[in-house]
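Thanks for coming. I will talk through one stretch of one chain, and you can follow along in the viewer.

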2 protein chains.
Amino acid sequence: MSKMRDEIREQPTVLERTLQANRGPIEELRDILQRDPPRFIMLTARGTSDNAAQFGRYLLEITTGIPVTLAAPSIFTLYRARFHFEGVLAIAISQSGESTDTNLVLERARDQGARTIGITNHSSSTLARIAQHVFLVHAGREQAVAATKTYTGQLLLLYLLAYALGASIELDDLARLPEWTARSLTLELDIARRAERYRFMEHAVVLGRGLNYANAFEFALKLMETCYVVAERFSSADLLHGPIAMLEASFPAFLFAPAGVTWPGTREMIDRLTELQAETLIVTDTNNVEAARDRRAIVLPVALDELFTPIPYIVPAQLFAESLAEEKGLNPDQPRAVSKITRTM
Amino acid sequence: MSKMRDEIREQPTVLERTLQANRGPIEELRDILQRDPPRFIMLTARGTSDNAAQFGRYLLEITTGIPVTLAAPSIFTLYRARFHFEGVLAIAISQSGESTDTNLVLERARDQGARTIGITNHSSSTLARIAQHVFLVHAGREQAVAATKTYTGQLLLLYLLAYALGASIELDDLARLPEWTARSLTLELDIARRAERYRFMEHAVVLGRGLNYANAFEFALKLMETCYVVAERFSSADLLHGPIAMLEASFPAFLFAPAGVTWPGTREMIDRLTELQAETLIVTDTNNVEAARDRRAIVLPVALDELFTPIPYIVPAQLFAESLAEEKGLNPDQPRAVSKITRTM
């Protein structure tokens with residue numbers, strides 16, 4: 001069995017441990033931020049952590065009303081721009097804590113007046129040293145090159161940050177995430193069976209909106225790095241503004257389809273894809289009765305409020321990518337041309 | 001001949017007209033913004049206009065030091081988040097001025113305290129009516145579904161906005177953009193010949209960094225909507241964080257490679273792609289002597305400062321997409337499944 005699969009299975013435990021370890025520190029941060037709330041938030045990350053940052057962008061804007069941007073690292077590292085960063089909260093996310101450009105962005109932001117937070121899996125990393133406030137994912141060592149348990153751990157910490165920034169999120173609800181994630185894992189065999197069908201898939205598109213937009217990026221990244229599938233990722237709205245032209249009959253499309261505000265648009269998108277004879281596969285849960293009836297739906301056996309879908313929803317996608325890599329005869333733990341710590345500027 | 005090709009050729013004239021018409025209005029805006037500069041900028045757009053917004057993000061941050069974010073429309077339209085927008089300048093970009101969600105984001109931003117700017121090709125559009133300050137692309141009607149002349153017109157207006165926000169950009173330099181763009185157009189036959197080679201290309205990756213990152217998105221969009229190629233787009237740094245695993249021998253890679261701060265990283269990327277036996281095609285100019293020596297380089301016959309490359313550099317990409325569509329027997333003016341005005345929420 002692959003390390004990636006082991007690590008996918010560890011997620012309920014990692015979430016539980018990460019939540020327990022950060023309850024105290026997050027209450028302290030909440031006190032500090034409530035006295036002096038930021039006017040603006042900047043997230044910085046690369047790779048899977050950047051997908052977590054994309055989730056953070058949606059979560060923080062939706063639940064706190066503070067404008068958020070995702071940093072473009074080259075503006076700091078190559079163009080050496082000088083910013084006006086008073087009132088800015090800069091948050092860096094990195095599994096290893098050794099992502100060169102992410103760390104440099106955080107240092108520059110700090111030097112230009114921002115407060116800084118680091119989210120990492122490694123307490124002795126450079127990121128943990130340079131950030132003013134550090135929140136640790138307690139994932140243990142992540143051995144597979146394709147990140148799984150650190151992604152969901154990062155998502156959980158972003159919920160906690162939203163809470164610290166005044167979002168009306170209950171810690172008791174977050175405490176149920178390990179259980180919901182365990183429910184996702186019960187689909188392991190079903191998903192392995194479904195993945196067989198895609199043995200010869202060479203390209204695909206992954207769609208998600210709102211809080212699950214980041215999951216579309218993360219699922220696509222997993223398909224690219226472990227299965228070598230050319231995987232596009234869009235919000236369904238962006239797909240309609242041009243790229244939909246490339247979809248032809250049998251084009252594989254994967255969609256995250258929770259109940260809630262994004263469902264009407266997602267349903268329209270599914271209808272449109274069906275017209276184009278694309279082949280859809282949907283990730284949903286029992287709370288979305290309509291989506292759960294779809295012949296090609298992966299239905300998590302739990303009823304979820306949309307706010308809490310991103311962590312349980314990425315699990316079937318991780319399992320799918322791992323299973324498909326195995327079907328294709330690839331080693332999901334060692335993607336060609338990629339190493340665990342990537343240093344870019 | 002296609003309308004798309006006609007419109008690509010019109011670009012020097014459109015740029016000239018757009019610059020002349022906006023010199024007065026931009027000086028007025030400059031006076032206003034210098035008295036009361038924004039603390040934060042939010043850009044909102046969809047499709048090709050969103051690629052222009054991506055360029056605006058880099059240009060404005062690099063040249064003004066004001067943090068910029070690209071709006072996530074669903075946060076306004078579906079989640080109905082309430083923002084704290086005092087001191088924010090909201091800029092909407094839309095060819096038609098009738099993009100439902102873009103307009104709604106701008107109205108919500110205005111209602112929550114932001115100042116607003118609209119960039120559009122249509123003076124009688126909804127966007128022109130709702131924005132406090134309006135800057136018009138003088139492109140005439142754009143008939144091809146694939147936008148070309150309005151994209152470069154939008155880029156020009158973003159340079160003018162940077163000027164109005166205090167960037168040290170000389171209007172005299174901007175006045176040379178029509179001429180530089182005309183130089184790009186002299187490559188028309190060369191590019192048509194090169195496109196033949198790609199007749200059976202089914203997927204590709206387009207890479208650009210910094211000021212040309214948006215061009216990577218725009219080139220990929222043109223390949224998707226006019227040639228039905230599954231075109232990925234990344235910064236070279238992001239490609240290294242996982243997706244590079246999907247590249248195999250003969251994988252077509254297109255790169256924008258100006259001289260300047262992004263060149264060392266781009267050169268490393270080209271070397272890496274060569275190792276992987278991917279097939280590269282580079283857009284550069286005579287100012288990048290090293291890149292211009294590459295056997296597979298499209299070399300614009302002009303020496304450009306990186307700051308001014310994005311408009312002249314997208315022209316060969318537009319010509320390439322148009323030529324390739326013709327080679328593939330497709331009508332570049334009427335992509336399947338796409339209409340000129342796309343209304344999404």
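In chain B, the loop between helix 13, residues 263-275, and strand 9, residues 279-285, holds B:Gln277. This is a predicted model, so please take the angles as computed. B:Gln277 is not a glycine, yet its phi is positive, at about 60°. Is the residue buried or exposed? B:Gln277 has 57% relative accessibility, and because exposed means over 50%, B:Gln277 counts as exposed.

There is another case of this kind. B:Ser250, also not a glycine, has a positive phi of about 75°. B:Ser250 sits in the chain B loop that runs between helix 12 (236-240) and strand 8 (252-256). Its relative accessibility is 55%, so B:Ser250 counts as exposed.

Now to strand 8 of chain B itself. Five of its five residues are buried, so the strand is largely enclosed by the rest of the structure. Which residues point which way? B:Pro252, B:Phe254 and B:Phe256 point one way, while B:Ala253 and B:Leu255 point the other way, and all are buried.

Next, the strand's partners. Strand 6 of chain B, residues 203-207, runs parallel to strand 8 and is joined to it by three bridges. Within that pairing, B:Val206 stands opposite B:Phe254. Strand 9 of chain B also pairs with strand 8 in the parallel sense, over five bridges. There, B:Ala253 has B:Thr280 of strand 9 as its bridge partner.

Terms used: Residues numbered from 1 in each chain as written. Chains lettered and ligands numbered in written order. Predicted model: local features only at pLDDT ≥ 70, side-chain atom pairs only at ≥ 80, totals over all residues. Heavy atoms only, no water. Helix = DSSP H or I, 4+ residues; strand = E, 2+ residues; numbered from the N terminus. Buried < 20%, exposed > 50% of the residue type's maximum accessible area, 1.4 Å probe, protein only. Pairing = 2+ DSSP bridges.
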